[in-house]
Amino acid sequence: MIPSDCPQLLVEQRQPLLTIGFHRPKYKNALTLAMYAAAADALEQSDEIDNVRVILIYGTAGYFTSGNDLKDFRQASTIHENHPVVRFMRALQHCRKPVVASVRGPAVGIGTTLLFHCDLVYAAQGAQLQLPFVNLGLCLEYAASYLLPRWLGHAKAAELLLLGEAFSCKSRAPW
C-alpha cells in the first residue's frame, strides 16, 4: 500500500490498480505543493511495487483540476530539481507503469498539460480543457509548446495556446 500524507490527494491501491485522486472540491481541485509531493511519491513508489500494473489519475467532485493553486505556488521558493512540481512531472514522465487519466469537468493549465504525458486519457462528455498561460502572462509548462504542435499541427496548436480559450475533447483526442 502506498500511503499519502496529504488529505487532498486520495491514493489507494486496489490490485492491480493504483488510483491517485485530486480532492480539493472547494478549490476545484487546484493543486498545492503538498499534493504534487504526495503524487510524486505515489508515482515513484509504484514503480517498485510489482502488483501495481496500472495507475489512474482522476479528480473528484466534477473537476479534474483547475490547475496550480496560485496562492500556494507564489509562497514557494524558487523552482529547483527537488521542487515538488518538478518531482511530479519527472515521476509522471518516467513512470514505468501505464498511466491513465480520467477527466471529468475542467482540466486547466497543468491539468491539461499533464494529460500529454499519460498513456491513455478518457474524457467524459462535457470535459473542458484549457491552456490559459497567455491570459496569465505565463510561459507554457511541461513540454506543451513542443508536444501540442506535433499532435495537432501548428495552426490548431497556436489557436489553443495563443487564445487560451477552453475547448472540449473529441472522440479522437491526440493524446
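**Figure 1. Contacts of Leu114 in the predicted model.** Leaving aside neighbours within four places in sequence, Leu114 is in contact with Phe22, Phe64, Phe88, Leu92 and Tyr142. The model shown here and in the views below is a predicted one. Leu114 is also listed, with Ile55, Phe64 and Phe88, among the residues with the most contacts inside the largest nonpolar core.

**Figure 2. The largest nonpolar core.** This core has 48 residues. The elements that give two or more residues to this core include the strands β1 (9-14), β2 (17-22), β3 (54-59) and β4 (99-103). The helices that do so are α1 (33-46), α3 (84-94), α6 (144-152) and α7 (154-163). Helix α1 gives the most to this core, with eight residues.

Figure 3. Met35 is located in helix α1. Its relative accessibility is 1%, so Met35 counts as buried. Not counting residues up to four places away in sequence, Met35 touches Cys6, Gln8, Leu9, Phe22, His23, Arg24 and Ala30. Phe88 lies 53 residues from Met35 along the chain, and the C-alpha atoms of Met35 and Phe88 are separated by 9.4 Å.

Figure 4. Tyr58 belongs to strand β3. With a relative accessible area of 22%, Tyr58 is partly exposed, because buried means under 20%. Once neighbours within four places in sequence are set aside, the contacts of Tyr58 are Leu10, Thr19, Ile20, Gly21, Phe22, Phe64 and Ser102. Between Tyr58 and Val100 the C-alpha to C-alpha distance is 8.7 Å, and these two residues are 42 apart in sequence.

**Figure 5. Cys95 and Cys118, two cysteines without a disulfide.** Cysteine pairing in the model comes to zero disulfides. Cys95 is in no disulfide, and the nearest cysteine sulfur, that of Cys118, is 9.6 Å away. Cys95 counts as buried, at 14% relative accessibility. Cys118 is buried as well, with a relative accessible area of 9%.

**Figure 6. Glu81 in the loop between α2 and α3.** Glu81 is placed in the loop that runs between helices α2 and α3. At 59% relative accessibility, Glu81 counts as exposed, because the limit for that class is over 50%. Leaving out residues up to four places away in sequence, Glu81 touches Val86, Arg87 and Arg90. Glu81 and Gly111 are 30 residues apart along the chain, with 21 Å between their C-alpha atoms.

**Figure 7. A nonpolar patch on the surface with Leu70, Leu136 and Leu138.** These three leucines form a nonpolar patch on the surface, and together they have about 260 Å² of accessible area. One of them, Leu70, is in helix α2 (residues 70-74). Leu70 is partly exposed, its relative accessible area being 40%.

How values were computed: Residues are numbered from 1 along each chain as its sequence is written. This is a predicted model: local features need pLDDT of at least 70, side-chain atom pairs count only at pLDDT 80 or more; totals for chains, interfaces and linings use all residues. Side-chain values use heavy atoms; hydrogens and water are left out. Patches are made of residues with over 30% relative accessible area and no salt bridge: like charges are joined within 9 Å, nonpolar side chains (Val, Leu, Ile, Met, Phe, Trp, Tyr) within 5 Å. Accessible areas come from the Shrake-Rupley method with a 1.4 Å probe; for residues, only the protein chains shown count as cover. A salt bridge is a side-chain nitrogen of Lys or Arg within 4 Å of a carboxyl oxygen of Asp or Glu. Helices (H or I, at least four residues) and strands (E, at least two) are DSSP runs, numbered from the N terminus. Buried means under 20% relative accessible area, exposed over 50%, partly exposed in between (1.4 Å probe, protein chains only). A disulfide is a pair of cysteine sulfur atoms within 2.5 Å. A nonpolar core is a set of buried Ala, Val, Leu, Ile, Met, Phe, Trp, Tyr and Cys residues joined through side-chain atoms within 4.5 Å. Contact means heavy atoms within 4.5 Å.
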